[in-house]
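Hi,

Here is the model I said I would pass on. Have a look at it first, and then read my notes below.

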Amino acid sequence: MAASRKGAKSRIGFNTRAVHSGEEGCPLTGAVSTPIYQTSTFSLKPPSKEQALPGGMQYVYTRVANPTTSALETKIADLAGGEAGLALASGMAAISAVLFTLVGSGDHIVCSDVIYGCTHDLLKGVMRRMGVESTFVDLSEPDNLAGAVRDNTRLVFLETPANPTLKLINIRSISDIAGEYGIKAIVDNTFMTPYLQRPLELGADIVVHSATKYISGHGDTIGGIIVGDEDFIREVRGEALKDIGGCISPFNSWLLLRGVKTMGLRMERHSSSALEIARFLESHSMVRTVMYPGLKSHPQHGLAKLQHQCGSSGMITFDVETQYNAIKVLDSLEMCTMAVSLGDVNTLLEHPATMTHRSLSRKERHDLGINDGLLRISVGIEDSADIIADIDQALSKVRYKK
Ligand code: LCS
């Protein structure tokens, strides 16, 4: 099926495009599954029709482009409603490639205050050393963006829902304000996937994903994907990918291609189970607070209903008051796994204060609501009753009552 670039405006449904878009099979053998073109280099003569990339490019060297990876890029661009996609070795490779393309020494970035720990470290470490300053602000109040923009601001970067507190940001409002100031709006859509949230349709300029998570869905590979307009993607490919070199392997692209085909099914399951588990946690005497955008008690539930397509994904955070209790819960799990990462078929729990967000100071974490007793769940696709039973028995080991 020829790739559709029309995004959600296409009359072809999301799940149909998740299966077919970008997949041309094998032109030589008729194999239905896109082959793994496990090659570093390509014969340069003569360039055949199959070797030609969109825009007349030719496959030359896998660091820059590969047919298996192209199929993945076309598919995700279509699902995200963008013109073009670019896959890289990891989510962080994707984020850094976007930043290296858009900013240089003397420039300034505005970033949402609650953000994945390594994105925070990238801005405060490598980017600062390269002469790029960043200001972290609470973008759940969109007007704060205007207050943070300077003459040298080039872009605003945000995550919604935020890792790990699940605070939401109104993508439409931020994109409008970014447009008024002539800066790019970039959204990390890792927690949602294009199935549940499509930032480009809400006015964002560029969307990035850690494909390691829900796009893969199976916890067996690392990857990252950027979607934006064709000119921008050509620029990232021609410089940040070509010269910095964080390319994805053809095999990992193939695993991601396979993962995306079931993404819609999985996201519905992750979302419905997460809502059930969040309700269970809300009623549990050992749990102080629960954050899940699909719960009516989430302070931005109204925005979730506006911005999320048909579910709020599989991420929940809850507070058991102390670090001792949090670690006790993790140590007591029997079926669920204590692990970082998210978006797998397996249910994973982690303690942000000592794991994903340990590089922030205790004060920074507390100011952002990343308390010592906070636990994050990535709800898997196991039977929800079994996930609840395991978390319930683990919670029975903690010490206080509400
Ligand atoms: N963006 C978000 C929102 C993430 O959660 C992560 C990884 C990344 C980008 C980076 O993606 P990667 O390079 O790992 O593919 N988040 C992780 C987490 O919360 N636990 O372990 C990794």
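I'll start with the second largest pocket, where H3 gives the most to the lining, with three residues. (Helices, H or I of at least four residues, and strands, E of at least two, are DSSP runs numbered from the N terminus.) Before going on: this is a predicted model, in which local features need pLDDT of at least 70 and side-chain atom pairs count only at pLDDT 80 or more, while totals for chains, interfaces and linings use all residues. Residues are numbered from 1 along each chain as its sequence is written, and side-chain values use heavy atoms, leaving out hydrogens and water.

Back to that pocket (on a 1 Å grid over the protein atoms alone, an open set of points with protein on both sides within 12 Å along at least five of seven lines; lining residues have an atom within 4 Å of a point). It holds about 340 Å³ of space. There are 19 lining residues, and the closest to the centre are Met-92, Tyr-116, Ser-210, Lys-213 and Leu-342. By class the lining has seven nonpolar, eight polar and four charged residues (Ala, Val, Leu, Ile, Met, Phe, Trp, Tyr, Cys and Pro count as nonpolar, Asp, Glu, Lys and Arg as charged, and the others, Gly among them, as polar).

H3 (residues 91–102) also meets H8 (residues 230–244): their axes, lines fitted to C-alpha atoms over the stretch in contact, come within 9 Å and cross at roughly 105°. H3 and H8 are therefore roughly perpendicular to each other (65 to 115 degrees, on a scale from 0 to 180 between N-to-C directions). On the H3 side the contact (heavy atoms within 4.5 Å) is made by Ala-97, Val-98, Phe-100, Thr-101 and Leu-102, and on the H8 side by Phe-232, Glu-235, Val-236, Ala-240 and Ile-244. Eight of these residues are nonpolar, one is polar and one is charged.

Then there is an open sheet of five strands with mixed pairing, in the order S8-S9-S12-S11-S10 (a pair needs at least two DSSP bridges). S8 (289–291) and S10 (337–338) are the edge strands. Helix H10 (residues 263–282) packs on the sheet, touching S8, S9 (315–319) and S12, and its direction makes about 10° with that of S9. S11 (residues 348–350) pairs with S12 (residues 374–378) in the antiparallel sense over three bridges; Glu-350 has Arg-376 as its bridge partner in S12.

Enjoy!

Key
Parallel < 35°, antiparallel > 145°, perpendicular 65-115°, else oblique. 1 Å grid on protein atoms, 1.4 Å probe; cavity = no way out; pocket = protein on both sides within 12 Å on 5 of 7 lines; lining within 4 Å. Points joined across faces, edges and corners; volume = space filled by probe spheres on them.
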